[in-house]
Amino acid sequence: MLYDLDKGPLSALAEVHRQRRDLLHRACSRHTRRQRLLRPEDLRHVLVDDAHGLLYCYVPKVACTNWKRVLLALSGRFGGDPRAIPAHEVHAPGRLPSLADFSPTEINRRLRAYLAFLFVREPFQRLASAYSNKFSQPYSAAFQRRYGTRIVRRLRPRPHPEALARGHDVRFAEFLAYLLDPRTRRNEPFNEHWERAHALCHPCGLRYDIVGKFETLAEDAAFVLSLVGAPGLRFPSPPPRAKAAATQDQAARLFQDISPFYQRRLFNLYRMDFLLFNYSVPSYLRLH
């Protein structure tokens, strides 16, 4: 199924997305060296909707639960209202097919013919959201036992036995130190909630027709659904502007106690996401 991105009533938005594609292409040319060939496993985050000719690369903490709801609603298996689909159904393994599960021939056929899109977010706001969601909430106890205990054991001098057992009180500075510790990525890949968007979706190796942004989620989601031919399908309401502003304030508040030295190192770690997706350096950082 081929999509014409430059026709229709939303041509102003089409121009916005053309500019984003061009910016991404130029940034890839400028900032990446020779690209290695992607393996099927690199495509694990690219979800497939064969009925509508869609490829969606999901980035956690960028409305991916709601996009998975929309894909399931499009499939017709859960009725037509994405909001009625429970989160545990959305994230059940194998619920949505991944491009990694197809043969190389089938992968290439879909890459040539389907509409490919991803949604990204200002990297440090995404990081602050991941920390808050995974290390500050009681419903993330299992996640804290897996990652929090590891962080406490490695980075906290004389930790309390309860912290060693539960990992429930990881500080933001400890979380960042864990990300910057070379042993972390040497032992296993980053968890998807804080892995860089470009490392999950490979935008310099794959062609994306739409680069949606969390900051313009409502408009960009409506544009994608109009291209799919499902304008009647409502994307679940994005966070209100007040909540979006609070998230921005939260990131500034978390980073204010982080030294310029660590801010600079962390910015370098996420630098490619800033460059490829045209995000400015946050005003609250002290990089010099």
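Domain bounds here come from an automatic or database domain assignment. The protein divides into domain 1 (10-123 + 194-240) and domain 2 (124-190 + 245-270). This is a predicted model: local features need pLDDT of at least 70, side-chain atom pairs count only at pLDDT 80 or more, and totals for chains, interfaces and linings use all residues. Residues are numbered from 1 along each chain as its sequence is written, and side-chain values use heavy atoms, with hydrogens and water left out.

**How the domains meet**
- The centres of domain 1 and domain 2, taken over C-alpha atoms, lie 27 Å apart.
- Domain 1 gives 12 residues to the contact and domain 2 gives 18 residues (contact means heavy atoms within 4.5 Å).
- Together the two domains bury about 1500 Å², with 56% of it on carbon and sulfur atoms. Buried area is the accessible area (1.4 Å probe) that two parts lose on being put together, summed over both.
- Pro-123, Trp-194 and Arg-196 supply 56% of the area that domain 1 buries against domain 2, more than any other three residues.

- The side of domain 1 that touches domain 2 has 7 nonpolar, no polar and 5 charged residues. Ala, Val, Leu, Ile, Met, Phe, Trp, Tyr, Cys and Pro count as nonpolar, Asp, Glu, Lys and Arg as charged, and the others, Gly among them, as polar.
- There are 0 salt bridges between domain 1 and domain 2 (a side-chain nitrogen of Lys or Arg within 4 Å of a carboxyl oxygen of Asp or Glu).

**Ala-92**
- Ala-92 and Glu-41 are 51 residues apart in sequence and 19 Å apart in space, C-alpha to C-alpha.
- Ala-92 is partly exposed, at 22% relative accessible area (buried is under 20%, exposed over 50%, partly exposed in between; 1.4 Å probe, protein chains only).
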